Every structure is written in C-alpha cells, then in structure tokens.
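Biologist: I am new to this structure. Please take one part and look at it closely. I would like to hear about the salt bridges.

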Amino acid sequence: MSRTPITKGVITVAGLGTRFLPATKAMPKEMLPVLDKPVVQYIVEEMAASGITEIMFVTSSQKRPIEDHFDRDRDFENYLQQKGKLDRLQSLIDVAKKVRFFYTRQAEPLGNGHALLCAKEFLGNEPFAFSDGDSIIDSSTPVIAQLLKIFKKYQQP
C-alpha cells in the first residue's frame, strides 16, 4: 500500500429516505437543511477540509437535486454578485473550487455494500474515505481527517 495521501471519497446517497417520509417524498433526505445548508454539504465540506479532492456520489434516479446543488451556476452567481448577495452562496463556491465531483447510479436499492461496489471503477485499488449521505458529526477536527490520520499511521482500514 502506498503512502500517498488519500484524495478520493465516496458518499452513498442512493437510499429511498423512507425514515423521513413525508418530507423526503419529493426531496432527497440528504438535501434536508440543517441551519442554512443541506446535510450533504456538511459532509462534502468535511471531506474537503480533510484533503479529499475527488468525491464520487453513488446516487439513484431520485437524487438529481444533489447533482444540481454541487453544479456551479455562473449566471446565478453573477446575479447574486450584482445584488450584493454572493456571500450567501460562498461556502458552496469555495467547496466546488476544492473538489471535483463524480456521479454514478445504483440501479436498485441493494444496500451500502453494493453502493460501494458501484464506485469500484472510480476507486481502483486506492484507499478512500467513505460517508453515507445523511450523517454529520460536529468535531473541531473533522472526523474524516482523524480517520485518515489513523490510516496513515497503520496503513490499514
């Protein structure tokens, strides 16, 4: 195993969100807001703060809003800039400058193990960071950074 830094992450977001119905009938649970951001943005920001520069989302057909959320919209950014409101979108712009996003679909809900297998081609044999798309942990040192530090020391998951 190489001692190069881990730069890839996988976030599984293909679940049906049944625990949060009816709120998740029309909106992915990962897009539910906590304060002023969707849950999944906190996860992406944690990965970026931990040195992850490429993130693969394993999605399903109902998760297009996640892809749209992380896609830069220059026209909208210019509009906000003209109105003096670009600061409201700045955290999303900042993370989009640090991370390249990739997407693949899990064709049917067969669990997290299968979802990770959907990312196999993206990952190759490289070590990677993993998070599901609806869990955030508040910590002064990002949890992903803590896990990567342990991996670097022991070279094992």
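Modeller: K29 is buried, because its relative accessible area of 12% falls under the 20% limit. This is a predicted model, so every value here is computed from it. K29 forms a salt bridge with D134. Their closest N and O atoms are 3.6 Å apart. The pair links distant parts of the chain. K29 lies in the loop between strand 1 and strand 2. D134 lies in the loop between strand 6 and helix 7 (143–154). The two are 105 residues apart. D134 counts as partly exposed, at 25% relative accessibility.

K29 and D134 also belong to a network of salt bridges. R19, E30 and K63 are linked in that network too.

The whole structure holds 10 salt bridges. One of them joins R64 and E67, with the closest N and O atoms 4.0 Å apart. Both residues sit in helix 2 (residues 64–70). They are 3 residues apart there, so about one helical turn separates them. R64 is partly exposed at 47% relative accessibility, whereas E67 is buried at 18%.

E77 and R72 form another salt bridge, with 2.6 Å from N to O. E77 is buried, with a relative accessible area of 10%. R72 is partly exposed, at 26%.

Notes:
Residues numbered from 1 in each chain as written. Predicted model: local features only at pLDDT ≥ 70, side-chain atom pairs only at ≥ 80, totals over all residues. Heavy atoms only, no water. Salt bridge = Lys/Arg side-chain N within 4 Å of Asp/Glu carboxyl O. Helix = DSSP H or I, 4+ residues; strand = E, 2+ residues; numbered from the N terminus. Buried < 20%, exposed > 50% of the residue type's maximum accessible area, 1.4 Å probe, protein only.
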